[in-house]
Amino acid sequence: MDFFDPQVILFVADCERASAFYGTFGFTETFRAPQQHPVKVEMAHGGFGLGLALPGPAAESHGLTPVTSGHRACLTLWTDDVDAAYAAALAAGATDNRAPHPFRDGLLRVAFVEDPDGHPVQLAQRA
């Protein structure tokens, strides 16, 4: 048995809005259904798959109970310029959670934002 192409799915209120937000960080869309007003969009970046799905259809089709509030997961994006990434995230519609700051005795510089659906996103840079 082989496993391949892992993907994390985030439940979102608006797949197109979420797709535009993650496009800011270099994610490219690989799938959407349907084309207009999608209930699922899949994106990829450097071998990492990110799914964006509406909770209602996931519950109806698969019997899931999507959690749609609170910090359900944290997506970490590594960058060579955390300050610029933080500014780009805010400009793309993120909410500030914590501005860039040193972490791990200065080995890292990190910032936290929340995407438009409230998922925390950690922006990290090796110092």
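Me: In which loop does R104 lie?
Reply: This is a predicted model, in which local features need pLDDT of at least 70, side-chain atom pairs count only at pLDDT 80 or more, and totals for chains, interfaces and linings use all residues. Residues are numbered from 1 along each chain as its sequence is written, and side-chain values use heavy atoms, with hydrogens and water left out. Strands (E, at least two residues) are DSSP runs, numbered from the N terminus. R104 lies in the loop between β6 (95–103) and β7 (108–114).

Me: What is the phi of R104?
Reply: R104 is a residue other than glycine, yet its phi is positive. The value is near 55°.

Me: Is D5, with its positive phi, buried or exposed?
Reply: D5 is found in the segment before β1. Its phi is about 50° although D5 is not a glycine. Buried means under 20% relative accessible area, exposed over 50%, and partly exposed in between (1.4 Å probe, protein chains only). Because its relative accessibility is 64%, D5 counts as exposed.

Me: Which peptide bond is cis, with omega near -15°?
Reply: The proline concerned, P34, has its place in the loop between β2 and β3. The cis bond runs from A33 to P34.

Me: Which are the edge strands of the open sheet of four strands?
Reply: Two strands pair if DSSP finds at least two bridges between them. The order is β1-β4-β3-β2, with mixed pairing. Pairing on one side only marks the edge strands, β1 (7–11) and β2 (28–33).

Me: What is the bridge partner of M43 in β4?
Reply: Strands β3 (residues 40–45) and β4 (residues 48–53) pair in the antiparallel sense over six bridges. In β4, M43 has as its bridge partner L50.
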